[in-house]
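Hello,

Here is the structure I said I would pass on. My notes on what was found in it follow below.

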Amino acid sequence: MSDDLSNSYPLARESDSRAAVAFGGGTDYSVTRDSDDLWDDSRVIINIGPTHPAMHGALRMVAKLNGETIEKSYCEFGFTHRAKEKLGEHRTYHQFVVFTDRMNYCSALINNVTYAMAVERLMGIEPPERAILIRMACCELARITDHLICIGIGSVDVGAFSYFLYGFHQREEAYTLIEKLCGARLTTSYTRIGGLMYDAPVGWEDDCKAWVKQTRSVFDEMDRLLTTNKIFLDRTKGIGVMTKEECLDYSFSGPCARASGIDRDLRRDQPYMFYDQMKFEVPTGTNGDVYDRYLVRVEEIRQSLNLLEQICDRMKPGPIWADDKRVRIPSKIDVYNSMEAMIHHFKFFMRGFDVPAGEAYTMTEGANGELGFYIVSKGKPMSHRMRVRSPSFWHFQALTLMSTGEKIADMIAALGSINIIAGELDR
Amino acid sequence: MNIFTSLRTNRGDWAEKFGPFWTKSIEKLKAKFGTSIEEVRMPGAYPTDVPIVFVNKAQIVEVLSFLKTDTDCGYNFLADYTATDEEAQPRFELVFNLYNRDQGPRIRVKVKVAEGEESPTCISVWPGCDWAEREIYDMYGIKFTGHPNLRRILMDYRWEGYPLRKDYPLDGYQVFPDSEAPDPERLK
């Protein structure tokens, strides 16, 4: 129990119970490993996942380990493949809304909004200002919840449990706000082509602003809890590094690319909705390691909170549907009282509406990166090709690159920091 | 109304914003590659958001690396790489959605591939094409010459058929009792 250099016997009666003995240097217990010696036999192939609690969903990594170090690995996924793209070709545009929020279920609203924008773009519809502002608020709320999940669960992976609970409390409150909008917490299906399912309830803006205020103070507390914590720094600094060039090679986008110093944010550089009229900063990192990804996400939550306040200040009562008969769902009062509206109702839900022939790749800044819908329409109520560009697909590809030569526990930290969502990865 | 130029909040201002940039880069591309550029569809004349450049299969790697590195093009970010089943001759189209991260314009490059034909792999231009090409192979059965590890990615390795082909049925099952064991060959 005592050090090799200790020269007294602690339990002997004459031993001084308060004496402190320090040993400089000490014995070197590290083992130098040579690939030719007996350690070669110790290389072991292990299978992490697909149902491992640290793997963030049904992901699988097969790794060859030398001791604890990953020498070579490969990743597999597809365990949650639900053929969304095939379904997109066999369901009407209206029916596909519910599939979008089952992709990135941590920020379902961003998927809803991006999909609605993609179809509206093909049809030439522009929703009214209030609908756009509610959608923006939805995007920012979803971004905050997604980032809270990423940094919360990422911290659990490296041992910080209470941080995760603080974050998840605020996330539940955010889901309550989302529930007030659409009645669902996780699978929202809130947007409709050309508008929204429901208008925001009276006073929602004030609830949202109160939540922003509360979250700010909680978040400052969380920041003090973890950001300069020595153990957290040791576990995250210099781990899972992606250089700027590697990020470009592997099509990294969003917070992961920004952590490596790529100063790009589609909200600022390719403004959609009213983001060009809002004030916000785009944080960037320099090292591209797990810690920088954490810091970028932390700062993005702050910026999103600022954005939410600006959006709520600007929201005014008004219509939430675009004035376009093709996409507008007839109101129930009309459906029950007029034959034409009832026919319209049945036509809308049984056959769907035609989208003019054309193709467009519509993208927004999702919580994880560039989220895009590439829709090819041939003028029918169902698309010819419904491609979803999910950021996780491109990020997960680089995990083997990030984790080669790292310890197996650091691979888990790196995986947590790129926030792979299996639903989005497999579609 | 041209729907791709009038929707401001839905980023419909691209044609007026990037029109000259697109024209310049496509002219340069045509001058360099000549007949390998089979067809160009511009947003005003065809219902598309960005120009579509059809490139001959044989020259695709050169065209992509030119688009990536040339100063007048600079499409240095591969936003998306996928395919479509056009139910025509040739049957498939490979689709590259490219983005110039520094100046903002986007462009779309397409390659026509007939059924049973192979297309060259683009891993040398973007290493990230690896999985995208595996996904295209998995979903459409298009093979890529020179791909180091062309195997199914989303579906099971024993799967029969290519799900995103238009003639693939929507219902039916293929059941595999056991999962795939770790493959030591891939860890060498």
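With 24 C-beta neighbours inside 10 Å, A:Met273 counts as buried, because a residue is buried if 20 or more other C-beta atoms lie within 10 Å of its own, exposed if 12 or fewer, and partly exposed in between, with C-beta atoms placed from the backbone. This is a predicted model, in which local features need pLDDT of at least 70 and side-chain atom pairs count only at pLDDT 80 or more, while totals for chains, interfaces and linings use all residues. Residues are numbered from 1 along each chain as its sequence is written, and chains are lettered from A and ligands numbered from 1 in the order in which they are written.

A:Met273 has a positive phi of about 45° although it is not a glycine. A:Met273 sits in the loop between α10 (266–269) and α11 of chain A; helices (H or I, at least four residues) and strands (E, at least two) are DSSP runs, numbered from the N terminus. Phi is also positive, near 55°, at A:Ala83, again a residue other than glycine. A:Ala83 lies in the loop between β3 (69–76) and α1 (84–90) of chain A, and with 18 C-beta neighbours inside 10 Å A:Ala83 counts as partly exposed. In chain B, the peptide bond from B:Gln89 to B:Pro90 is cis, with omega near -15°. B:Pro90 belongs to the loop between β3 and β4 (92–99) of chain B. For reference, most residues other than glycine have a negative phi, and most peptide bonds are trans.

**Chain A overall**

Chain A has 17 helices and eight strands. Its C-alpha atoms fill a box of roughly 100 × 50 × 35 Å, taken along the principal axes. Of the 427 residues in chain A, 49% are buried. Among contacts in chain A between residues at least 6 apart in sequence, 70% join residues at least 24 apart; two residues are in contact if their C-beta atoms, placed from the backbone, lie within 7 Å.

**Core**

The largest nonpolar core has 155 residues, and those with the most contacts inside it are A:Leu109, A:Val119, A:Ala137, A:Leu141 and B:Leu98. Helix α4 (residues 129–157) of chain A gives the most to this core, with 15 residues. A nonpolar core here is a set of buried Ala, Val, Leu, Ile, Met, Phe, Trp, Tyr and Cys residues joined through C-beta atoms within 7 Å. Leaving aside neighbours within four places in sequence, A:Leu109 is in contact with A:Cys138, A:Cys139, A:Leu141, A:Ala142, A:Ile178, A:Thr188 and A:Tyr190.

**Helix packing in chain A**

α4(A) and helix α5 (residues 161–182) pack at an angle of about 160°, with their axes 9 Å apart. Axes are lines fitted to C-alpha atoms, for helices over the stretch in contact, and angles run from 0 to 180 degrees between N-to-C directions. α4(A) and α5(A) are therefore roughly antiparallel to each other; angles under 35 degrees count as roughly parallel, over 145 as roughly antiparallel, 65 to 115 as roughly perpendicular and the rest as oblique. The residues that meet include A:Leu141, A:Ile144 and A:Leu148 in α4(A) and A:Phe164, A:Ala174 and A:Ile178 in α5(A). By class, this contact has 14 nonpolar, five polar and one charged residues. Ala, Val, Leu, Ile, Met, Phe, Trp, Tyr, Cys and Pro count as nonpolar, Asp, Glu, Lys and Arg as charged, and the others, Gly among them, as polar.

The axes of α5(A) and helix α6 (residues 204–226) of chain A come within 10 Å and cross at roughly 170°, which makes α5(A) roughly antiparallel to α6(A). Among the residues in contact are A:Tyr163, A:Gly167 and A:Leu177 of α5(A) and A:Trp204, A:Trp211 and A:Leu225 of α6(A). The contact of α5(A) with α6(A) has twelve nonpolar, three polar and four charged residues.

Helix α11 (residues 290–314) and helix α16 (residues 408–417) of chain A pack at about 25°, with their axes 9 Å apart, and are therefore roughly parallel. A:Val290, A:Arg293 and A:Tyr294 of α11(A) make the contact with A:Ala413, A:Ala414 and A:Ser417 of α16(A).

**Interface**

On the chain B side, 35 residues are in contact with 46 residues of chain A. The largest share of that side, six residues, comes from β3(B). Its residues divide into 19 nonpolar, nine polar and seven charged.

Regards
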